[in-house]
Amino acid sequence: MSILAWKNLLHDRVRLIVTLTGIVFALVLITIQFGMFLGFLETAANIVDNNSADLWISAPGIPHVNGGSPIQESKRWKALQVPGVTRTANFAIFFVNWKLPNGAFETCQIAGFDLDSGMGGPWNLVAGRVEDLRGEDTVIIDDLYKTKLGVHNIGETLEINGKRARIVGFTHGIRSFTTAPYVFTSFKNAQNYIPMREHETIFILLRTAPGANLPAIKTRLLATIPGIEIFTHDEILLRTRNYWVFGTGAGTTTLMGAILGLLVGIVVVAQTIYAATIDHLKEFGTLKAMGATNGQIYQVIILQSALAAVMGYVLGISVALAIVRSTADTDLLIKLPWPIALGIFGLTLFMCMSASLLSIRKATTIDPAMVFRG
Amino acid sequence: MQPLVSVSHLVKEYGSGANRFRALNDVSLDIHAGQILVLMGPSGSGKTTLISVLGGILSATSGSVRVDGREIVGMPESQRPALRRDLFGFIFQGFNLFPALTAEENVAIMCKLKHVPQPDRAAANLLESVGLADKRNAYPADLSGGQKQRVAIARALAGQPRILLADEPTAALDSVSGRKVLEILSGLARQDNRAVIIVTHDPRVLEYCDRIVEIEDGRISSDELRRPIPPSPGDIA
């Protein structure tokens, strides 16, 4: 029976192209929409994700990591006295104005970090050294934003909030969810660019002893230092992602896009597979009249849809990968990690088989006497 | 002499209540191995319903149909595919070949369905027996109407069924192809001691048949035996 499934699929080239086009379209839609959502999740909180701090101290009630407000730096010393805390560092993220060569301004986000601890520093450095940020007025930006920010080489100078800044390095692939790219600099340099008073910081990052009980340390810190909020790495990550995903139109739109992509994809695949099966209804009637059991007819239909799923997946994931690669050097991040690619294969099989199950009912309830009606 | 098919007081009704329609009304008929029986009658008379019931495709409302000693009226639906597979070969007016399969694959798929050993080889032999050895790799779209019907006959012969049911097998064929098909069917009945039941409007069929049964309004209106019932091998012994 497998030969019938295989040849039914391949024999009519036009039908095959229509079937595969439907599956590929659905797969690319689902993969790209979902990849954009994953990219959104990553870029929305990559500054947290790539930060090695165990605990974050901030002003109370911050909506997300990019929305902090100044707190007294002296809290850092109090935090150091809490048992289990081994290191503290200042960290600041703040929106600033970047002056372009043509005199216009772009909004950026300064990420000022403690060079000694390295917590909050850049990653994926492709040119220059982090140590170069020890120099006065030095910054590192991502090479994806060179054109947007009007700089192209190390050594170029520009203005941030009216203060001089010099490029000493480039990272690759550190995207910002907002339209404001990250500009890494030392915390000391950041104090020049951010309207913050002396002895103020936006975050205090803490590193704790290996195996330390973080909830217990949090409780002790809250008891010791008034007027703060403390997050674990996962807590601030979640708050930031929740804010951007559920608290903004952009996040909701991306999420809805992913969900709609999934729904549209399922409908397209269902219709495509259903139509491909119904096309062979008379043949299934003939098989049934000649003595095939319903089980044997199921076998043909399911195998046919599984083959279509595999062929559609190979093509669809190839197209999706090409799209993902084509956006690698843009500020749009589409993520396609292999577990997701594998999951989409499972989803494709599931969608195709489910759709074929709909048509199975039609095929197995055929009146076999239809074969005598010409 | 035991008939291969024995139909007794067969009734088949469609619909229910006020819409109930009786397609077969008290039909009784014995069909013997080696016999070519032609079912004739106007459209809507019940011919196709009768061969559908005989072939275990439709279930009867009442009466009895014994095929090769097995009662099929009241047989559970789950047992019918095996009955159709084991006892019958079907030949359709529209050929009903699988367009995606070659002539040989069309026959081989039935051989596989009927668990014939070496199905590909059996399919090639069956095609040879209907004079289509050179067309084994041709697809139905590349065959003439007569060739398609011969492939359909070869397919119906897979597993050596005792009974062949043919619905208008010559309706779509020219006179030469039609005669060729009828010669094959007639040879199959006589040489292999099969019952061949043909539903037709085609008068060309009459010269090849042993018996003509006419149906009108679901009843047998005439039953003409043109040649004596051939003795079965058991009777000769």
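The model is predicted, so to speak of local features pLDDT must be at least 70, side-chain atom pairs count only at pLDDT 80 or more, and totals for chains, interfaces and linings use all residues. Residues are numbered from 1 along each chain as its sequence is written, with chains lettered from A and ligands numbered from 1 in the order in which they are written.

**Stop one: chain A.** Select chain A and colour by secondary structure: there are 11 helices and 12 strands (DSSP runs, H or I of at least four residues for helices, E of at least two for strands, numbered from the N terminus). Its C-alpha atoms fill a box of roughly 95 × 50 × 30 Å along the principal axes. Of its 374 residues, 44% count as buried (20 or more other C-beta atoms within 10 Å of a residue's own, with C-beta atoms placed from the backbone).

**Stop two: the contact.** Now show chain B too. The contact takes 17 residues from chain A and 22 residues from chain B (C-beta atoms, placed from the backbone, within 7 Å). On the side of chain A, select α1 (2-11) and α9 (281-289), which each supply at least two residues; the largest share, 5 residues, comes from α1(A).

**Stop three: the sheet in chain B.** Here an open sheet of 4 strands runs β2-β1-β4-β5 with antiparallel pairing (at least two DSSP bridges between paired strands). Finally, pick B:Ser8: its bridge partner in β4(B) is B:Ser64.

Key
Buried ≥ 20, exposed ≤ 12 C-beta atoms within 10 Å, placed from the backbone. Contact = placed C-beta atoms within 7 Å.
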